[in-house]
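Here are some notes for a colleague who is opening this entry for the first time.

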Amino acid sequence: MANEKRLVWDLPLRLFHWLFAISIFASWYTAEVDEMEIHFWLGYFMIGLILFRLVWGFIGPRHARFMNFLQRPPAIWLYLKSFGGREHPQSIGHNP
């Protein structure tokens, strides 16, 4: 079932990533148009997002946890050797 779709990232993690990306753009924009009060509030919002992500990295589902980011050296080596080729090892979540 090579074409099978799997939902790996949960909704809170997807919301974190999108809200953080939008906040970066909004922070830049508010600084450019001199809306510093909104800019500061966006900074506080982003700190809250980062705090959420830190907590979620320890108590969230399997693929959101920090302990699943790192792979063993043989898996990393196999992944790096596959660069440039047509075949590469499949991984769920982060690449090695």
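1. Surface. The model is a predicted one. Its chain exposes about 8100 Å², and 67% of that area is supplied by carbon and sulfur atoms. Of the 96 residues in the chain, 17% are buried.

2. Overall layout. The chain has three helices and zero strands. Along the sequence this reads as the pattern α-α-α. Counting contacts between residues at least 6 apart in sequence, 46% join residues that are at least 24 apart.

3. Helix 1, dimensions. Helix 1 covers residues 11–32. With 22 residues, helix 1 reaches 31 Å from its first C-alpha to its last, which is close to the 32 Å expected at 1.5 Å a residue.

4. Which residues of helix 1 are buried? They are Leu13, Phe16, Ser23, Ser27 and Thr30. These residues cover an arc of only 115 degrees around the axis, so they sit on the same side of helix 1. The face turned away from this buried side carries the exposed residues Leu11, Trp18, Phe25 and Glu32. The cover over the buried residues of helix 1 includes helix 2.

5. Serine 23. This residue lies in helix 1. Is serine 23 buried or exposed? Serine 23 counts as buried because its relative accessibility is 2%, and the cut-off for buried is under 20%. Leaving aside neighbours within four places in sequence, serine 23 is in contact with Phe45, Met46 and Leu49. Of these, Met46 and Leu49 are listed among the buried residues of helix 2.

6. Isoleucine 24. Isoleucine 24 also lies in helix 1. Its relative accessibility is 45%, so isoleucine 24 counts as partly exposed. In sequence, isoleucine 24 and methionine 46 are 22 residues apart. In space, their C-alpha atoms are 8.4 Å apart.

7. Where is aspartate 34 found? Aspartate 34 is in the loop between helix 1 and helix 2. Its phi is near 60 degrees, a positive value in a residue other than glycine. For background, most residues other than glycine have a negative phi. Aspartate 34 counts as exposed because its relative accessibility is 59%. A reader checking backbone angles may want to look here.

8. Helix 2. This helix covers residues 36–59. Helix 2 has 24 residues and reaches 35 Å from its first C-alpha to its last, close to the 34 Å expected at 1.5 Å a residue. Its buried residues are Leu42, Met46, Leu49, Arg53 and Gly57. An arginine is therefore part of this buried list, under the cut-off of 20% relative accessible area.

9. Aromatic pairs. How many aromatic pairs does the structure hold? There are five. One of them joins phenylalanine 25 and tryptophan 28 in a tilted arrangement, at 5.7 Å centre to centre and with 40 degrees between the planes. Both residues lie in helix 1, three residues apart, about one turn of the helix. In general, an α-helix has 3.6 residues a turn, so residues three or four places apart point the same way. Phenylalanine 25 is exposed, with a relative accessible area of 53%. Tryptophan 28 is partly exposed, at 48%.

10. An aromatic pair in helix 2. The ring centres of tryptophan 41 and tyrosine 44 are 5.7 Å apart, and their planes stand at 75 degrees, so this pair is edge-to-face. The cut-off for that label is over 60 degrees. Tryptophan 41 and tyrosine 44 both belong to helix 2 and are three residues apart, about one turn of the helix. Tryptophan 41 is exposed, with a relative accessible area of 56%. Tyrosine 44 is exposed as well, with a relative accessible area of 54%.

Methods: Residues are numbered from 1 along each chain as its sequence is written. This is a predicted model: local features need pLDDT of at least 70, side-chain atom pairs count only at pLDDT 80 or more; totals for chains, interfaces and linings use all residues. Side-chain values use heavy atoms; hydrogens and water are left out. Helices (H or I, at least four residues) and strands (E, at least two) are DSSP runs, numbered from the N terminus. Buried means under 20% relative accessible area, exposed over 50%, partly exposed in between (1.4 Å probe, protein chains only). Contact means heavy atoms within 4.5 Å. Accessible areas come from the Shrake-Rupley method with a 1.4 Å probe; for residues, only the protein chains shown count as cover. Rings of Phe, Tyr and Trp (its six-membered ring) pair if their centres lie within 6.5 Å; planes under 30 degrees apart count as stacked, over 60 as edge-to-face and the rest as tilted. The expected span of a helix is 1.5 Å times one less than its number of residues. The arc is that of the directions from the helix axis to the C-beta atoms.
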